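User: Hi! I am new to reading protein structures. Could you walk me through this one, feature by feature?

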Amino acid sequence: MPDHILVIDDEPAIQRTLRINLRARGYSVETVGNGRDALAAVTSTPPDLVILDLGLPDLDGVEVLRRLRQMSGVPVIVLSARHQSDDKVEALDEGADDYVTKPFGADELMARVRVALRRGSTDLGSAPAPFTCAAFELDFATLDARLAADGTNVHLTPTEWRILATLARHPNRVISHETLLKSVWGPEYGRESNYLRVFANQIRRKLEPDPAHPRYFVTEPGLGYRLVP
C-alpha cells in the first residue's frame with residue numbers, strides 16, 4: 001500500500017498543490033482545513049506522515065501538534081509562513097520533525113517528505129551494539145530504552161533513536177553537527193544546528209538523571225555531540 005499523507009492547511013491552493021504533487025509521486029493523500037478535523041482524521045485513518053500548517057482557523061498549529069504528539073509518533077513536517085527562529089524551535093520542541101517556510105519549492109518539500117518517511121521507519125540500518133552507561137541502557141536492535149535506576153522503559157521517537165544510534169556507533173567520540181544532521185535528516189541538511197539543540201534537550205529530559213547538567217549526552221560547543229559510556 002502507498003504511504004498515506006495527511007495535509008492540514010486551510011488554503012485551498014496549497015491543498016490542491018500538495019495533493020497533485022504527492023499523488024503524482026504515488027502517495028495516498030487526505031486534506032483537511034482545520035485542527036479539529038485533523039485530529040479526527042489522525043484517529044480514523046492513521047497517516048504515515050503529516051504536513052501541518054501552523055496558521056489554522058480554529059486551533060493554533062502548535063496546539064494541534066501538541067495534541068497530535070499525545071496520540072501518535074507519526075513524522076510531522078511543519079509548513080508555515082512564520083519565519084522567526086523562535087517559531088521553528090517551538091514547533092520542533094513540541095515534536096515536529098522538520099520545518100518548511102512558505103513560499104516553498106515543490107521539489108524541496110517532496111525531498112523532505114521522502115526523508116521524513118524514511119526517518120519515520122524504525123529501521124536503523126545496521127544497528128550499533130547496545131549502549132550502556134550508569135544512567136540508562138539502549139538496545140538498538142529491539143528499540144528498547146530503559147533507565148538503569150528502576151528499569152523504567154523510556155519511549156524514544158524514531159528521530160531520537162537515529163540521533164542516539166549515530167552517536168553510539170562511536171562512543172565517547174565527538175560527532176560533528178554536520179555529520180549528525182546528514183546521518184539523521186539526510187544529505188540535504190547540514191546547517192540546521194537548532195534541530196539538534198532541540199532534540200538533544202528532549203533526549204536529555206528522557207534519559208539524563210539531571211538534564212540541566214548532562215553527563216552522558218554531552219555537547220562539545222562549536223563542534224558537536226558525544227555519547228559517554
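Analyst: Happy to! Let's begin with burial: a residue counts as buried under 20% relative accessible area, as exposed over 50%, and as partly exposed in between. Keep in mind that this is a predicted model.

User: Let me try that on one residue. Is N21 buried or exposed?

Analyst: N21 has a relative accessible area of 18%, so it is buried. You will find N21 in helix α1.

User: Which residues is N21 in contact with, leaving aside its neighbours within four places in sequence?

Analyst: N21 is in contact with A106 and M110.

User: How many bridges pair β1 with β2?

Analyst: Five bridges pair strand β1 (residues 4-8) with β2, in the parallel sense. For one example, find H4: its bridge partner in β2 is S28.

User: What is the order of the strands in the open sheet of three?

Analyst: That order is β9-β11-β10, and here the pairing is antiparallel. At the edges stand β9 (175-176) and β10 (217-220), each with a single partner strand, so one side of each has no neighbour in the sheet. Four bridges join β10 to strand β11 (residues 224-227), and the two run antiparallel. Look for F217, which stands opposite L227 in β11. Helix α6 (residues 158-168) lies across β9, β10 and β11, at about 75° to β11.

User: Next, the nonpolar core. Why look for one at all?

Analyst: In soluble globular proteins, nonpolar side chains tend to be buried together. In this model, the largest nonpolar core has 55 residues. F136, L138, I163, L164, W185 and F217 touch the most other members. Helix α8 (residues 193-207) gives the largest share of this core, seven residues.

User: Which residues does F136 touch, not counting those up to four places away in sequence?

Analyst: F136 touches F131, R146, L147, A148, L207, Y216 and L227. Apart from this core lies another, of 18 residues, including L18, L79, V100 and A116.

User: Finally, charges. How many salt bridges does a search of the whole structure find?

Analyst: The search finds 15. When you read one, ask how far apart the atoms are, where the partners sit in the chain, and how buried each partner is. Take E11 and K102: the closest N and O atoms of this salt bridge are 3.0 Å apart. The pair links distant parts of the chain, 91 residues apart, with E11 in the loop between β1 and α1 and K102 in the loop between β5 and α5 (106-120). E11 has 36% relative accessibility, so it counts as partly exposed, whereas K102, at 12%, is buried.

User: What about D53 and K102?

Analyst: Their side chains meet in a salt bridge too, at 3.5 Å from N to O. The two partners are 49 residues apart, and D53 lies in strand β3. D53 is buried, because its relative accessibility is 4%.

User: Where do R66 and E63 lie?

Analyst: Both lie in helix α3, three residues apart, which is about one turn of the helix. R66, at 29% relative accessible area, is partly exposed, and so is E63, at 23%. To finish, trace one network: D9, E11, D53 and K102 are joined by salt bridges that share partners.

How values were computed
Residues are numbered from 1 along each chain as its sequence is written. This is a predicted model: local features need pLDDT of at least 70, side-chain atom pairs count only at pLDDT 80 or more; totals for chains, interfaces and linings use all residues. Side-chain values use heavy atoms; hydrogens and water are left out. Two strands pair if DSSP finds at least two bridges between them. A nonpolar core is a set of buried Ala, Val, Leu, Ile, Met, Phe, Trp, Tyr and Cys residues joined through side-chain atoms within 4.5 Å. Buried means under 20% relative accessible area, exposed over 50%, partly exposed in between (1.4 Å probe, protein chains only). Contact means heavy atoms within 4.5 Å. Axes are lines fitted to C-alpha atoms, for helices over the stretch in contact, and angles run from 0 to 180 degrees between N-to-C directions. A salt bridge is a side-chain nitrogen of Lys or Arg within 4 Å of a carboxyl oxygen of Asp or Glu.
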